[in-house]
Amino acid sequence: MRGILCSLFALCLLFCAASALGVPQDVIQAAPEGASEYTAEFEDQSGPQALDGGIRRIWEDLRRQCGAIFRQRLRGAASVLTAVILCSGAKGLLGDREGGLLLPMAGALAVTALAAGSLDYLIGLGWDTIRDLDRFSKALLPALAAATAASGAVTTATFQQVATVFLSELLVGWMSGVLMPVTYLYIGVLTASCALAEDRLALLAAGLKKIVTSLLTGSLLLFTVYLSVSRVITGSVDAAAVRTAKAAVSNVVPVVGGILAEAAEAVLAGAGTLRASLGVFGMVAILGACVYPFLQLGIQYLLYKAAALLASCVGMPELCRLLDGLGGAFGLVLGMTGSCALLLLVSVLSFVSAVTP
């Protein structure tokens with residue numbers, strides 16, 4: 001009789017948990033605008049079906065948009081490459097005469113002016129994506145932490161949420177206050193370095209680029225190391241706490257103590273399933289929000305690097321270096337956007353993989 005009661009009670013709890021396993025509406029509404037079409041599956045279902053549907057749509061969009069974006073970005077890169085070749089040809093005709101000495105400066109200003117529209121649009125696109133991911137994290141991470149805590153991993157949920165929120169706020173603050181301004185400063189210094197004689201500002205431009213890359217890679221490295229260490233410690237604490245609580249309930253509560261302890265497994269399993277559903281939704285939303293900016297920035301980065309390689313055959317060294325540096329600026333913005341996305345993806349995976357017996 002006792003076993004039957006345990007089974008019925010567990011089944012009731014599982015039914016109640018399963019009815020609430022859909023992703024909360026506030027998390028769905030907080031998803032970045034660019035991810036809405038990929039997360040539509042989660043309004044009716046969750047789990048593997050929704051994950052497959054979201055990933056399939058992302059892949060289809062990648063294939064469909066790649067050609068159009070490539071053609072759009074190719075026109076801008078071709079105009080910049082043409083300007084470099086024309087300035088190099090004029091330099092060959094004029095030689096060391098007065099007009100020829102001014103050509104590197106004129107060419108650097110022309111190349112930067114032609115690239116200004118792409119720089120403004122793509123840097124703005126990357127920054128908008130970073131802000132969207134930051135807003136989404138403020139809705140997703142508390143929901144994930146609550147589901148993780150409900151599944152028994154209270155200490156893990158607390159540590160991971162605090163770490164992720166702290167570092168994401170720190171990263172966004174760095175980007176708005178330091179990294180984005182330094183990127184614009186890097187573009188200006190690089191242009192001045194290529195326009196002036198003797199490349200006197202080249203080291204300063206390289207140093208500014210190094211600052212951005214070091215801050216991004218260093219912060220992500222510290223974050224992943226912290227999560228790895230904290231999961232080992234907090235996972236052991238949570239496992240011991242769950243075992244102690246189940247033993248206490250089973251031994252202390254008269255008559256129904258064993259029933260409650262066994263039914264607790266159903267509650268933990270239901271919360272773990274909800275956590276997995278939230279994790280899948282979060283991953284699809286993050287990837288969906290990043291797919292278009294990544295395509296734009298990645299293609300532009302590759303095109304400018306290719307243009308610099310082609311220009312190196314006939315172009316002036318100063319302008320070739322400027323082309324390569326502008327490609328590096330697109331790469332910096334791509335790295336910032338990718339850092340925010342990677343931070344959230346690692347956090348989501350860390351929440352989902354938190355296991356408590």
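1. In which helix do Asp61 and Arg64 both lie, and how many residues apart are they? Both are in helix α3, three residues apart, or about one turn of the helix. Asp61 is buried, at a relative accessible area of 4%, whereas Arg64 is exposed, at 54%.

2. Confidence comes next. The mean pLDDT of the protein is 74. Of its residues, 68% reach 70 or more. By element, the lowest mean is that of helix α1 (residues 2–19), at 39. The highest is that of helix α8 (residues 317–352), at 87.

3. Two stretches need a caution. Over residues 235–264 the pLDDT stays under 50, and the model gives this stretch 36 contacts beyond four places in sequence. Residues 266–272 are also below 50, with 14 contacts beyond near neighbours in sequence. Where pLDDT is low, the predicted coordinates should not be read in detail.

4. The fold is helical. There are eight helices and zero strands. Along the sequence the pattern reads α-α-α-α-α-α-α-α. Take the contacts with a separation of 6 or more: 84% of them join residues 24 or more positions apart.

5. On burial and surface: the protein has 357 residues, and 45% of them are buried. Its accessible surface comes to about 16900 Å². Carbon and sulfur atoms hold 70% of that area.

6. The largest nonpolar core has 80 residues. Met175 and Leu323 have the most contacts inside it. Elements giving two or more residues to this core are α2 (25–30), α3 (48–94), α4, α5 (154–195), α6 (202–252), α7 (257–314) and α8.

7. Leaving aside neighbours within four places in sequence, Met175 contacts Trp127, Ile130, Met180, Pro181, Leu216, Met336, Ser339 and Cys340. Ser339 belongs to helix α8. Ser339 is buried because its relative accessible area is 5%, under the 20% cut-off. Beyond its own near neighbours in sequence, within four places, Ser339 touches Met175, Leu216 and Leu220.

8. The whole structure holds five salt bridges. One of them joins the side chains of Asp132 and Arg135, at 2.3 Å from N to O. These two sit three residues apart in helix α4, so about one helical turn separates them. Asp132 is partly exposed, at 23% relative accessibility.

9. Another salt bridge links Lys305 and Asp324, whose closest N and O atoms are 2.9 Å apart. Lys305 is in helix α7 and Asp324 in helix α8, so the pair ties together parts 19 residues apart in sequence. Both ends are partly exposed: Lys305 has a relative accessible area of 23%, and Asp324 has 33%.

10. Last, a surface feature. Met105, Leu109 and Leu196 make a nonpolar patch of about 270 Å². Met105 lies in helix α4 (residues 98–150). Met105 is partly exposed, with a relative accessible area of 36%.

How values were computed:
Residues are numbered from 1 along each chain as its sequence is written. Side-chain values use heavy atoms; hydrogens and water are left out. Patches are made of residues with over 30% relative accessible area and no salt bridge: like charges are joined within 9 Å, nonpolar side chains (Val, Leu, Ile, Met, Phe, Trp, Tyr) within 5 Å. Accessible areas come from the Shrake-Rupley method with a 1.4 Å probe; for residues, only the protein chains shown count as cover. A salt bridge is a side-chain nitrogen of Lys or Arg within 4 Å of a carboxyl oxygen of Asp or Glu. Helices (H or I, at least four residues) and strands (E, at least two) are DSSP runs, numbered from the N terminus. Buried means under 20% relative accessible area, exposed over 50%, partly exposed in between (1.4 Å probe, protein chains only). Contact means heavy atoms within 4.5 Å. pLDDT is the predictor's confidence in each residue, from 0 to 100. A nonpolar core is a set of buried Ala, Val, Leu, Ile, Met, Phe, Trp, Tyr and Cys residues joined through side-chain atoms within 4.5 Å.
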